[in-house]
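Trainee: I am new to this structure. Please pick a single part and take me through it closely, with what surrounds it.

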Amino acid sequence: MNFKENKAIYLQIAERICDEILLDTYKEEERIPSVREYASIVEVNFNTVMRSFEYLQSSDIIFNKRGIGYFVSEGAKSKIISLRKIQFMEHEINDFFKEIYVLEIPFEEIASMYKHYVKQQKNK
């Protein structure tokens with residue numbers, strides 16, 4: 001996995017797991033790979049993945065069945081979407097709007113690109 005330098009690795013791993021939940025790679029109430037398995041998948045230290053799992057567990061995205069493993073919580077998808085919307089609206093949308101404004105990109109062009117993107121995603 002390629003990591004960005006401007007964000008903690010454990011948070012990037014947590015985001016990846018959330019993406020996988022949103023894309024139904026891991027469904028609600030289903031087991032996800034163990035900490036060691038996931039560390040192998042993303043090629044990082046076991047402790048980093050453990051921190052990601054602890055973060056997701058504290059956010060009620062996943063839960064631990066002692067001796068069995070970690071599972072996706074019921075309602076995880078809606079929690080992830082809610083958290084991400086808040087984060088996007090509070091931290092990212094102003095930068096997005098600033099770039100559109102500074103680059104003088106017409107809204108119609110953005111809307112057209114977004115419609116094209118959504119169409120591509122539905123065809124996957």
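**Around helix α2**

Mentor: Just after α2, Glu 43 takes a positive phi of about 60°. Helices such as this one are DSSP runs of H or I with at least four residues, strands are runs of E with at least two, and both are numbered from the N terminus. The model is predicted: local features need pLDDT of at least 70, side-chain atom pairs count only at pLDDT 80 or more, and totals for chains, interfaces and linings use all residues. Residues are numbered from 1 along each chain as its sequence is written, and side-chain values use heavy atoms, with hydrogens and water left out.

Helix α2 covers residues 35-42, and Val 35, Tyr 38, Ala 39 and Val 42 in it are buried. Buried means under 20% relative accessible area, exposed means over 50%, and partly exposed is in between, for a 1.4 Å probe and protein chains only. Seen down the axis of α2, these buried residues fall within an arc of 105°, so they line one face of the helix. That arc is taken over the directions from the helix axis to the C-beta atoms. Arg 36 and Ser 40, on the other side of α2, are exposed.

The cover over the buried residues of α2 includes α1, α3 and β2. A contact here means heavy atoms within 4.5 Å.

In helix α1, Glu 20 counts as buried because its relative accessibility is 12%. Leaving out residues up to four places away in sequence, Glu 20 touches Thr 25, Tyr 26 and Tyr 38. Tyr 38 is one of the buried residues of α2.

In helix α3, which spans residues 46-58, we find Ser 52. Ser 52 has a relative accessible area of 0%, so the residue counts as buried. Its contacts, not counting residues up to four places away in sequence, are Tyr 10, Ile 13 and Ala 14. Ser 59 is partly exposed, with a relative accessible area of 23%.

Strand β2 (residues 69-72) runs antiparallel to strand β1 (residues 62-65), and four bridges join them. Two strands count as paired if DSSP finds at least two bridges between them. Ile 62 has Val 72 of β2 as its bridge partner. The two strands form a hairpin with three residues between them, and Gly 67 in the turn has a positive phi of about 85°.

Met 1 lies in the segment before α1. With a relative accessible area of 31%, Met 1 is partly exposed. Among the residues Met 1 touches, not counting those up to four places away in sequence, are Val 42 and Glu 43, and also Ile 13. Met 1 and Val 44 are 43 residues apart in sequence, while their C-alpha atoms are 8.8 Å apart in space.

A pocket is found on a 1 Å grid over the protein atoms alone, as an open set of points where a 1.4 Å probe fits, with protein on both sides within 12 Å along at least five of seven lines; lining residues have an atom within 4 Å of a point. Grid points are joined across faces, edges and corners, and a volume is the space filled by probe spheres set on the points. The second largest pocket has a volume of about 240 Å³. Its lining has 13 residues, of which Glu 15, Tyr 55, Leu 83, Arg 84 and Gln 87 are the closest to its centre. Helices α1, α3 and α4 each supply at least two residues of this lining. By class, the lining of the second largest pocket has eight nonpolar, two polar and three charged residues. Nonpolar covers Ala, Val, Leu, Ile, Met, Phe, Trp, Tyr, Cys and Pro, charged covers Asp, Glu, Lys and Arg, and the others, Gly among them, are polar.

The largest pocket holds about 580 Å³ of space. Lined by 16 residues, this pocket has Phe 88, Tyr 114, Tyr 117, Val 118 and Gln 121 closest to its centre. Two or more lining residues come from each of α1 (9-22), α4 (76-102) and α5 (107-122). Helix α5 gives the most, with six residues.
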